[in-house]
2 protein chains.
Amino acid sequence: MDRSAVVGVDVGGTRIKSVLVDGDGEVLAAKVVPTPSRPGPKLGRVAAGLRRDLEDEAGVPAGALAVVVPGLVEEVVGIARWSANLRWSDLPLTQLLAEHLDVPVTSGHDVRAGLLAEHRLGAARGVDDVVFLPLGTGIAAAQMTGGQVVAGSPWSGEVGHVVVRPGGPVCGCGAAGCLEAVASAAALGRAWSTASGEERDAEHLAGAVAQGDPAAVQIWQQAVEDLALVLAPVISAAGTRLLLVGGGLVLSGDLLLDPLRSALAARLPGRTDLEVAPAALGDRAGALGAACLAADLVRSTR
Amino acid sequence: MDRSAVVGVDVGGTRIKSVLVDGDGEVLAAKVVPTPSRPGPKLGRVAAGLRRDLEDEAGVPAGALAVVVPGLVEEVVGIARWSANLRWSDLPLTQLLAEHLDVPVTSGHDVRAGLLAEHRLGAARGVDDVVFLPLGTGIAAAQMTGGQVVAGSPWSGEVGHVVVRPGGPVCGCGAAGCLEAVASAAALGRAWSTASGEERDAEHLAGAVAQGDPAAVQIWQQAVEDLALVLAPVISAAGTRLLLVGGGLVLSGDLLLDPLRSALAARLPGRTDLEVAPAALGDRAGALGAACLAADLVRSTR
């Protein structure tokens, strides 16, 4: 096995996170920069700059680099098909990287990469049938079956845009009643702001739930039911053994996970072999996952 | 590639179907026998008998044999964990076969094997991200991602036991409101019998739907909505490109598939790359899939 250090870069809506890791997955250097406006065409240059800075900080050269992004990604051709947030379509991401870097490069999807990292370095070690659900501003999922991260259509994992409440709140995508419009951290903040008459976020809602506020509990429980409605069929079809919940919302811990376990048990009678647990790598999962993709590239090209 | 003929056996609740196929998947002989009562421990002897009869009929020896069964199956250890219908638990299926046969043997799950056959010989040729949903007396699904049939927990594919109508009709499994209790062919026959006041089956219901009977259309449409509620998250999470519907209900063709396409489109806004089509192999899919497993065994052991 090649033990080169590699760089992983995770492009988010507001920040770009990057890490330089060694062959054991240890982080030797890390850097976060703001996401520029209309970042698509700039990503080659940005990634090359991050690589230089990380190499300088760690005093170690990188043998490969990978960039992961949200939205619709077609890994097999290295093209980021679409991101509403980052305002690109059909961005030839791997090609852009290759133009600015003199090491092997690849690209991928942020949540699928995050799942890969959780499997190698985090809370999914030793489990090969996993659903990873980061709950943040948006909702997307990634699935692993038999130790392989699932990537079919570029729409893979876009469970945030499954309609759970037809005619419900309008989603950023334009449709009504998407899971993301009713159960994301952003949606919970909006619902709690409306209910409480003040500008509130999901963290504040979680506090009110912990104190037993009835209105807060109702909003929370409805979101949990909506999540279970989407997750139960996925878990059932794939025979998922571990549901890893990540993102900002999981910081509320069992306040979220206990009712989610109950809601899933109610939807999946008989199932006794499902574990629901918090993810381990926090907001670094995507960058670490990108590093995993880069490490695989080094191995496959030597 | 080894071109031996092989035997595939599909054990159903009422009938056992078997085929002897050549290296191109052509059926050289086929035989159907009634399923004996409490068939579990008898399956080794039954399979050996079918093999002899099929070899005699075709005049060709079989190089391997596989048996597929419904319920909870753990392929990796060759154990049929549970079937309500066939009344077994923890049946050491592969071992039973090995005790009665002098060729390589293996075992598997009927719907997962059916999907494999549809992928190699039927309506899923050339598509690697597929959900296969046979709608019959019961409901189970199989999933393929990246060309690999998904098998996680033994519960994989048991989407018939996802609760879609909490507090709804009681299912054979004991829970209330399972998909199988509201949208299987058996459930539709029961609902139509109740509505029409006469003993009817799903085929008769389909006839009434085709004639525009309002009560029939309402039952049909509700079942389609329930199916879409379970299928949409699965398709979304895995990036499924092709939904293959099989079983008796699909004989009604676009009468079923058109409203299902509409219901899925309503649940999956933006998705334009999903095809919904009828399966091609009919009630022989399981036996042909078993033959695919046997053929793979021949290749891997030579």
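**A loop residue and its surroundings**

Author: A:K42 sits in the loop between β3 (27-34) and α1 (43-58) of chain A, where helices are DSSP runs of H or I with at least four residues and strands are runs of E with at least two, numbered from the N terminus. The model is predicted, so local features need pLDDT of at least 70 and side-chain atom pairs pLDDT 80 or more, while totals for chains, interfaces and linings use all residues. Residues are numbered from 1 along each chain as written, chains are lettered from A and ligands numbered from 1 in the order written, and side-chain values use heavy atoms, without hydrogens and water.

With a relative accessibility of 27%, A:K42 is partly exposed (buried is under 20%, exposed over 50%, partly exposed in between, with a 1.4 Å probe and protein chains only). Leaving aside residues up to four places away in sequence, A:K42 touches A:P36 and A:S37 (contact means heavy atoms within 4.5 Å). The C-alpha atom of A:K42 is separated by 8.5 Å from that of A:L96, a residue 54 places apart from it along the chain.

The loop between β3 (27-34) and α1 (43-58) of chain B holds B:R38. This arginine has a positive phi of about 40° although it is not a glycine. Most residues other than glycine have a negative phi. B:R38 is partly exposed, at a relative accessible area of 48%. In chain A, A:R87 also has a positive phi, near 60°, and is likewise not a glycine. A:R87 belongs to the loop between β6 (79-83) and β7 (88-91) of chain A, and its relative accessibility of 53% makes it exposed.

A:L257, in helix α8 (residues 254-267) of chain A, is buried at a relative accessible area of 1%. Beyond residues up to four places away in sequence, A:L257 touches A:V245, A:V250, A:V276, A:A277 and A:P278. Of these, A:P278 is 21 residues apart from A:L257 along the chain, and the two C-alpha atoms are separated by 7.9 Å. In chain B, B:H109 is part of strand β8 (residues 105-109) and is buried, with a relative accessible area of 2%. B:H109 touches B:V68, B:V69, B:P70, B:G71, B:V73 and B:E75, with residues up to four places away in sequence not counted.

Chain B also provides a pair of packed helices. Helix α6 (residues 202-210) and helix α7 (residues 214-238) of chain B pack at an angle of about 115°, their axes 8 Å apart; axes are lines fitted to C-alpha atoms over the stretch in contact, and angles run from 0 to 180 degrees between N-to-C directions. From α6(B), B:A202, B:L205, B:A206, B:A208 and B:V209 make the contact, and from α7(B), B:A216, B:V217, B:I219 and B:W220.

Finally, the two chains are related to each other.
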